[in-house]
Every structure is written in structure tokens, then in C-alpha cells.
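Terms are given with their cut-offs where they are used.

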Amino acid sequence: MSKETNDTVNKEVFEEKEYSTLNLGPTHPATHGIFQNVLKMDGEIIHEATPTIGYIHRAFEKLAERRPYAQITPITDRLNYCSSPINNMGWYMTVEKLLGAEIPKRAQYHRVIIMELSRIADHIICNSVIGVDTGAMTGFLYIFQWREKIYEIFEEICGARLTTNIGRIGGFDSEWKKSTWDKIHAFIAEFPKALTEFANLLERNKIFMDRTINCGPISAEMALEYSFTGPNLRAAGIDYDVRVMNPYSSYEDFTFTVPVGTSGDTYDRFMVRQHEMWQSLEIIKQAIKKMPEGPMHADLPDFFLPPKEQVYNNMEALIYHFKIVMGETDIPKGEVYHCVEGGNGELGFYLISDGGRTPFRLHFRRPCFIYYQAYPEMVKGIMLSDAILTMSSMNVIAGELDA
Amino acid sequence: MELLNQVNEKLNANFAGQVVSAEMLYDFPVFTIKTEAMHDVLKFLKEDAELNFHFLTDLTGMQTADEKQLGVIYHLHNMPKNLRIRLKTFMDIHKPELPTATDLWPAANWMERETYDFFGVRFKGHPNLKRILNVDEMDIFPMRKEYPLEDQERTDKDNSMFGR
């Protein structure tokens with residue numbers, strides 16, 4: 001269907017027409033966030049789209065310049081709030097890189113489990129919402145309870161669900177409880193069944209395929225020019241994954257494949273995410289199987305809160321406790337860039353430290369801020385309903401877009 | 001280290017005297033380039049068959065500690081060989097002008113707008129250089145150090161004990 005619409009676009013006809021202006025957003029239920037697009041419409045076909053962003057800009061980069069390093073973690077939660085743990089871990093790894101800290105393997109493997117769980121949660125949201133936007137509500141309602149189960153695991157570990165603030169600089173505060181592991185094992189055992197059923201609902205569904213194939217495509221060349229990363233770039237056919245190219249947190253220890261699409265359309269983006277969920281499950285299984293023994297955190301007394309009984313009985317521990325809570329720890333001078341594979345692309349942290357207690361400059365490389373600027377070009381000449389679908393399949397998260 | 005020398009040699013051969021410094025900062029080779037040559041260097045790095053830095057990972061701004069200069073920082077990536085470099089250029093805060101990179105990468109469009117929005121760096125030749133995240137009526141560049149986050153005239157808060 002969308003193929004026909006693409007063919008009907010004829011620029012010469014457009015020149016003579018009178019266009020109508022349509023405001024899509026900022027608070028439109030179909031945009032899944034606060035995005036505004038001023039559309040110049042010819043009937044139901046989009047002639048031009050002008051995105052306006054910044055509705056939930058919260059000045060994170062400025063805020064970070066006055067906050068001690070540990071207190072920046074809650075800021076990173078609110079970037080891509082669908083997969084906050086990945087942002088948290090990425091931030092810790094940036095600081096650890098600056099400190100030159102060696103993180104024990106056990107903590108790294110735990111981080112991998114957390115990150116892959118949140119990647120699944122992120123992809124569940126995006127893919128089920130693609131279903132909703134095509135009119136298939138069932139998959140959304142069905143698979144969303146599995147996202148809930150992932151959030152329950154996060155809750156077990158850190159007490160929070162959405163904005164997690166999980167772990168610490170240097171590792172984790174304590175071993176995970178038995179109830180946490182029970183929930184993780186239950187998830188691994190039962191999620192494949194749910195994901196298979198979700199896949200059966202949509203993947204080879206004729207209506208869904210007709211609706212999504214050739215909808216909002218982007219070529220590999222254009223995706224690279226627009227600095228696409230993550231599933232959107234892989235759907236266009238470029239096998240770039242930060243986990244493979246620049247392994248962090250022991251990703252080199254695990255075997256997994258990077259799914260790649262061909263045409264970069266909505267269906268490919270959907271399928272890449274679908275397969276990434278299976279791969280994430282595999283990584284979690286391998287991490288549990290290979291889990292090494294050892295401490296849960298690096299030896300970084302400046303960043304790691306000492307156990308409470310030591311704080312009460314030991315002078316040094318008390319001093320460290322005070323310094324960490326008040327954020328009076330100085331960090332060496334330096335300049336690092338660290339990137340992790342976030343839910344929707346390469347999430348980078350560019351940190352300049354002047355040796356003080358707060359960063360001199362912190363910049364977040366937010367993947368969807370960078371790739372969302374290709375949106376006007378992608379929706380040019382397609383139907384309004386396809387534009388909604390293109391947006392939801394690009395997985396644009398308002399929190400990350402506006403920082 | 002190898003990459004640093006390789007890029008440094010090439011840049012010095014093609015842009016003599018324009019490379020201010022070349023150093024290794026953690027895992028990144030970092031080059032500081034004179035502002036006049038910045039656009040040509042980017043073009044060269046993108047189009048050189050051997051170096052092939054075809055991917056613009058990031059573009060952002062900064063202000064130096066003495067508050068007299070503004071900097072623009074580029075992160076480039078060569079995906080097939082997985083090489084990354086960082087380029088910097090600094091200009092006077094009263095005349096922060098730089099040619100745009102939008103002709104090389106369309107992705108630079110919003111990143112340059114963001115840099116303009118927060119630091120006031122004017123990218124010459126940019127198709128639509130206006131504020132992106134802040135309101136259009138704003139008349140300051142909020143990420144500059146001269147605009148502190150908190151109101152400095154506040155008297156109800158005493159932070160003197162913590163050295164701030």
C-alpha cells in the first residue's frame with residue numbers, strides 16, 4: 001500500500017497546489033512523547049515536515065557541571081528512560097575510564113545481565129507500540145507484562161523501577177539476593193514463549209507486513225550521512241554494534257550475532273529489534289553460566305560507600321562515608337569519551353574533568369537527537385499514518401531527544 | 001599511538017602549520033587544528049581513501065577555563081577499520097565563527113544548532129542556524145561559564161563550609 005503512495009508523489013503537481021498546515025503534537029497520543037511536527041499537507045500526503053524539539057529540555061549538561069560524579073547518575077536515568085540501566089552503566093564506565101579503575105569480572109557480568117534485560121525492555125516497548133500504531137493492540141497488551149517483570153527485577157536490585165540509579169561507580173553495592181536470581185531465572189525460562197507468541201502475532205502477519213514493508217525506508221548511505229546508530233542503522237544494512245566494535249564490560253566474552261536488515265524500512269527496524277531480544281536472552285544465559293567468582297565492586301574507597309558497621313566503628317570509613325555523601329571527592333584531570341550500545345543507538349559520554357569535584361564539561365551523545373533530524377526527509381511524500389508508524393519505529397524517546 | 005602518528009603525518013603533509021597539537025588522551029588521538037583550516041581538514045579526513053573518517057559521531061562545544069575562548073569538538077569514526085579520532089578547534093569568545101560542516105554531513109545540522117544554542121558559536125553557511133532546545137527569545141548562551149546555574153546572590157544558603 002505504501003509503495004503505491006510513494007509512486008504517486010509527483011513534485012510538479014505539488015507546485016501548483018495549496019497546502020494545508022497540520023500540527024502533529026506536541027501532545028498528540030500517537031507521537032508517544034512530546035514532539036511537535038508542523039506538517040505541510042497535500043490531502044493526506046506530507047509535503048514537508050518541520051520538527052520542533054525542546055519541550056522537555058532540562059539542561060542536564062549545565063546541571064551536571066555543579067553535581068558531584070555520583071549525583072550525575074540520576075540525571076542519566078532520565079535520558080532514555082525506557083532503558084535507564086544502560087545509561088547508568090555507561091556513565092559509571094566513563095568515570096571508571098577516567099579513574100583508570102579495573103572492575104572485577106563478576107561485577108562486569110552482572111552489568112551485562114542488567115544491560116541486556118533493559119535492552120529487552122526497551123525493544124518490547126518500541127516493537128509493541130509499532131503494533132499499536134498499525135492497529136494491533138493485542139501484542140502490546142500481552143507482551144507488556146514481560147516488561148513489568150523486568151522492572152520487578154530492577155526493583156529487587158535497587159528499589160526503583162523506571163529511573164533506576166542502579167549500581168555504583170566501581171560495581172554494585174551488594175550481591176544480588178536469591179529472590180532476584182529466582183526472578184531472572186523465571187524470566188529466562190518463560191519469556192521465550194511469550195516472545196514467540198508475540199512474533200507469531202506480527203512477524204509473518206500479512207496485514208502487518210503490507211502495512212510496514214516499504215514504510216519510511218532509509219538507505220544505508222543516507223543513514224550513515226545522518227549518523228544513525230543502533231537498530232535503525234543495522235536495519236539499513238550496516239553491521240555496526242558498539243558491543244562488538246568496542247567491547248566494554250566484557251562483551252567480548254560472549255557469543256552473539258548482530259541482526260542486520262536490508263532496506264531500513266519500518267519492518268526491518270521491527271525485525272532487527274525482534275532478533276536482538278533473542279540475542280540479549282542468549283547473552284544473559286551465557287553470563288549466568290560463566291559467572292565468575294570474586295568481589296562485586298572495584299577497590300575504589302573514594303566512590304564506594306563503606307559498610308554501615310564500619311562507618312560507626314572506624315575512623316577512615318566514617319571519613320569516606322562523609323566525603324562520598326557530600327560529594328567532596330576530587331577526580332583526576334582528563335578527557336574521555338566512552339560509548340555504550342544503548343537501546344536506540346550509540347550512547348556516548350564526553351567528559352572533561354579539570355580535577356575538581358564536578359565535571360568541567362559533560363556532553364551526552366544522544367543517539368535519537370542525532371537521527372531524529374532525518375525524520376523530515378524520511379516522511380516526505382508519504383501518508384500521515386505512515387509518518388506516525390515511521391516515528392514509532394525509529395524509537396525516538398523524548399527524554400533523550402531534549403536532554 | 002600508531003593512528004596518532006599516521007594521521008599526524010598526513011595532516012602535516014597537507015596542512016603545514018595548521019595542526020596546533022597532537023596528543024593521545026586515554027584511548028583517543030586528539031588533534032587541535034586552527035579554526036581557518038578546520039573545514040578543509042574535516043573534508044580531507046572524510047574523503048581521504050586511506051583514513052576514511054566517514055562518520056560524524058559527535059559535534060559539541062565547550063568553553064575554556066579562562067573564559068576567553070570557545071571550542072568546538074568533533075568526534076570522527078572510521079567504521080570499517082574501527083578507528084576514532086577527536087578534533088578540536090578554539091576561537092576567540094568575541095568572534096566565535098567557524099565554517100559549517102553541514103555540507104559534509106547532514107547530521108551536523110542539529111548538532112551545530114545545539115552548539116550555537118548553548119555556546120553561541122556561529123557556523124557560517126549553516127542553512128538554519130537558530131536555537132533548538134531553548135526558547136527563541138532567550139538572549140544568552142546558557143552553557144557559558146559566566147552564567148552560573150544558581151543565583152549567586154542567594155543569601156539563604158551558606159556553602160562556605162564545603163569549599164564551594
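## Contacts and burial

Two residues are in contact if their C-beta atoms, placed from the backbone, lie within 7 Å. Among contacts in chain A between residues at least 6 apart in sequence, those joining residues at least 24 apart make up 72%. Of the 403 residues in chain A, 49% are buried (20 or more other C-beta atoms within 10 Å of the residue's own).

This is a predicted model, in which local features need pLDDT of at least 70, side-chain atom pairs count only at pLDDT 80 or more, and totals for chains, interfaces and linings use all residues. Residues are numbered from 1 along each chain as its sequence is written, while chains are lettered from A and ligands numbered from 1 in the order in which they are written.

## Overall build

Chain A has 19 helices and 6 strands (DSSP runs: H or I of at least four residues for helices, E of at least two for strands, numbered from the N terminus). Its radius of gyration is 22 Å, close to the 22 Å from the globule rule for 403 residues, so chain A is as compact as a globular protein of that length. The radius is taken over C-alpha atoms, and the rule is 2.2 Å times the number of residues to the power 0.38. The C-alpha trace of chain A spans about 80 × 45 × 35 Å along its principal axes.

## Helices α13 and α18

In chain A, the axes of helix α13 (residues 266-290) and helix α18 (residues 384-394) come within 9 Å and cross at roughly 25°. Axes are lines fitted to C-alpha atoms over the stretch in contact, with angles from 0 to 180 degrees between N-to-C directions. That crossing makes α13(A) roughly parallel to α18(A) (an angle under 35 degrees).

The contact brings A:T266, A:R269 and A:F270 of α13(A) to A:L389, A:T390 and A:S393 of α18(A).

Key:
Angles under 35 degrees count as roughly parallel, over 145 as roughly antiparallel, 65 to 115 as roughly perpendicular and the rest as oblique. A residue is buried if 20 or more other C-beta atoms lie within 10 Å of its own, exposed if 12 or fewer, and partly exposed in between; C-beta atoms are placed from the backbone.
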